[in-house]
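The following paragraphs lead the reader through one protein chain. Please keep the sequence and the three-dimensional view at hand while reading.

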Amino acid sequence: MGITSSLYTGISGLNVNSQATSVVSNNLANSSTIGFKGSTTVFEDLFYSSITTGSGGDQVGNGAGVATVNTDYTQGSYEDSSISTNVALNGDGYFIVVDPDTNTTYYTRAGNFDFDKDGYLVDTYGNQVQGWEVENGTASGALTTIQLDQSQSPPKATSEVSVTLNLNSQSTDEAQTTNPYTSLFELYDGTENPPLDDSQYSYSTTLTIYDENGSAHDLTFYMDPVDVDADGNIVWEYVAATDASDDMRTGSGGNDLNTTSGAGLAMTGTLTFNSEGQMVSMTSFTLASNAAAADVKDTSSWELADFSDSGLPEVNLNFTGSAEGQDVAISFGMSSDNNTWDTSGGIDSLDDITSTISYSNLPKFSDYTLENSATTSYSDSSSATYTVSQDGYATGSLESVTVDENGIIIGNYSNSQSIELYQLALADFTNQGGLTAEGSNLFRATTDSGEAIIGTAGSAGFGSVVSNALEASNVDLASQMTELIIIQSSYQANSKVVTTTDELIQTAIGLKR
């Protein structure tokens, strides 16, 4: 070995430290880059030359080289974001994006996604995020590009109505006919507007229901007391009616019902309360399906209502002219346990109810369950509506989206419905160190990394998704600045080797003079 080899050894030290400086400078430059993963330069010693010494053979090194540049894949901290589609991963995995121009698949930890003008969920470079469509609550089908069009939430026809009232037990009987149990039914006239004058009932309440086409309709309950016995038990009669003009039911002869006096009349019956104001029984009658238009107000055409699967009396309404109409269950807070009527009092239809019968002979549920929020009849407060609810809704337009911890993209619609639309796909690798950085916060799979393992957040070792957040760079500024100082010192030391070797060479050359 000659002195010249020392020169090259020093140069190798300058070279590796300059490359290390490039790595550190890149880390520092990207210390604020979303999803960036810092790198570390690993040096190695180069080949050795054999020399002869007094003790035998020995070796002298010939400098240093860069063995590898390792990427630090540890998770960065979170940064809050006001954009719901900005997402971060808590744990293992990468989001999958595809370049629409080249169809190249990339992987990224930078979840700064948003929807473009065509409804595609994309990163800041236009790469399209991948996932699965969600149908019936389950992600299924092939991996696909996530795209939201101007979607709508389809309407749902009302199938159940719930009303909680307090009916003032001191109210006056306003509906006066020969049969107090059916007075509201007899006075109702669908050809008039309103069908019942406000002097003909004690209390009413109205709520909105929806047909299968998403159109809204009013359903009104008219309530009036019948009688109070010596023990303080009180009976109220009621009718439930829609707007007469909305009634698209037809009689057995095919004639429209909306021009008859029974237009809009949906259900009639009674509610019985004990002396404590608690409901203990109820009846519900609906128009027989085979009734002719001329028989709409004939009491013999009104039969005990059928029960829904949840034990509530239900009525068939028709607002669209459909062949089957829609069944609507009505609840005052009492439901049947076995979906059967107790008709031991001999009453099967409205025609069987006379003015002389006792309320105890009215039909009742064989067994029933009374909700805590059931309708009451107290005297210490006026008649009032406490809650009304129904399960239908109109068509809704998409207003916003949210992303849950499982990566499910949920659409929030103007009709207060939330629908699961897509689920983000995640990828992981057997050797993530084998990934190739492509810039733009993207990685590409290689033979060293192995094929991507595709899955969903929260399953099979994948991390969970954090919405309204972004993963920050994992670069530690303090450690990088310290590393830079060490590299600078090493570089300076190697430069001294070069200058010292140069001086030695110049001395050797000067020996000839």
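Ser440 lies in the loop between strand E34 (436–439) and strand E35 (442–444); helices (H or I, at least four residues) and strands (E, at least two) are DSSP runs numbered from the N terminus. Although Ser440 is not a glycine, its phi is positive, at about 60°. Ser440 counts as partly exposed because its relative accessibility is 36%, where buried means under 20% relative accessible area, exposed over 50% and partly exposed in between (1.4 Å probe, protein chains only).

The model is predicted: local features need pLDDT of at least 70, side-chain atom pairs count only at pLDDT 80 or more, and totals for chains, interfaces and linings use all residues. Residues are numbered from 1 along each chain as its sequence is written, and side-chain values use heavy atoms, with hydrogens and water left out.

A second residue with such a backbone angle is Asn136, which is not a glycine and has a positive phi near 55°. Asn136 sits in the loop between strand E11 (128–135) and strand E12 (138–145). With a relative accessible area of 84%, Asn136 is exposed. Most residues other than glycine have a negative phi, and most peptide bonds are trans. Against that background, the bond between Asn193 and Pro194 deserves attention: it is a cis peptide bond, with omega at about 5°. Pro194 belongs to the loop between helix H2 (183–187) and strand E15 (203–210).

The view may now be widened to the whole chain. Three helices and 38 strands make up its secondary structure elements. What radius of gyration does the protein chain have? The value is 41 Å, whereas a compact globule of 513 residues would have one near 24 Å; the radius is taken over C-alpha atoms, and the globule rule is 2.2 Å times the number of residues to the power 0.38. Along the principal axes, the C-alpha atoms fill a box of roughly 145 × 50 × 35 Å.

Of the 513 residues, 44% are buried. Among contacts (heavy atoms within 4.5 Å) with a separation of 6 or more, 65% involve residues 24 or more positions apart. The chain exposes about 24,400 Å², of which carbon and sulfur atoms supply 45%; accessible areas come from the Shrake-Rupley method with a 1.4 Å probe, and for residues only the protein chains shown count as cover. There are 11 positive and 67 negative side chains, and the centres of the two sets lie 27 Å apart. Here Lys and Arg count as positive and Asp and Glu as negative, while His and the chain ends are not counted. Each charge is placed at NZ of Lys, CZ of Arg, CG of Asp or CD of Glu.

The interior is described next. A nonpolar core is a set of buried Ala, Val, Leu, Ile, Met, Phe, Trp, Tyr and Cys residues joined through side-chain atoms within 4.5 Å. The largest such core has 57 residues, of which Val161, Leu167, Phe221, Met223, Leu271, Phe332 and Ile353 touch the most other members. Strand E17 (residues 234–242) contributes the largest share of this core, seven residues. Apart from it lies another core, of 22 residues, including Val401, Tyr413, Tyr422 and Ala457. Leaving aside residues up to four places away in sequence, Leu167 touches residues including Tyr203, Met223, Trp236, Leu271 and Phe273.

Two further loops follow. Thr259 is found between E17 and strand E18 (265–273), and its relative accessible area of 63% makes it exposed. Its C-alpha atom is separated by 21 Å from that of Phe221, 38 residues away along the chain. Ala293, in the loop between strand E20 (285–287) and strand E21 (302–304), is buried, with a relative accessible area of 14%. Beyond residues up to four places away in sequence, Ala293 touches Gly251, Asn255, Asp256, Leu257 and Thr260.

Finally, Leu477 is found in helix H3 (residues 477–510). Why does Leu477 count as partly exposed? The reason is its relative accessibility of 47%. Leu477 and Asn27 are 450 residues apart in sequence, yet 8.6 Å apart in space, C-alpha to C-alpha. Excluding residues up to four places away in sequence, Leu477 touches Leu28 and Ser31.
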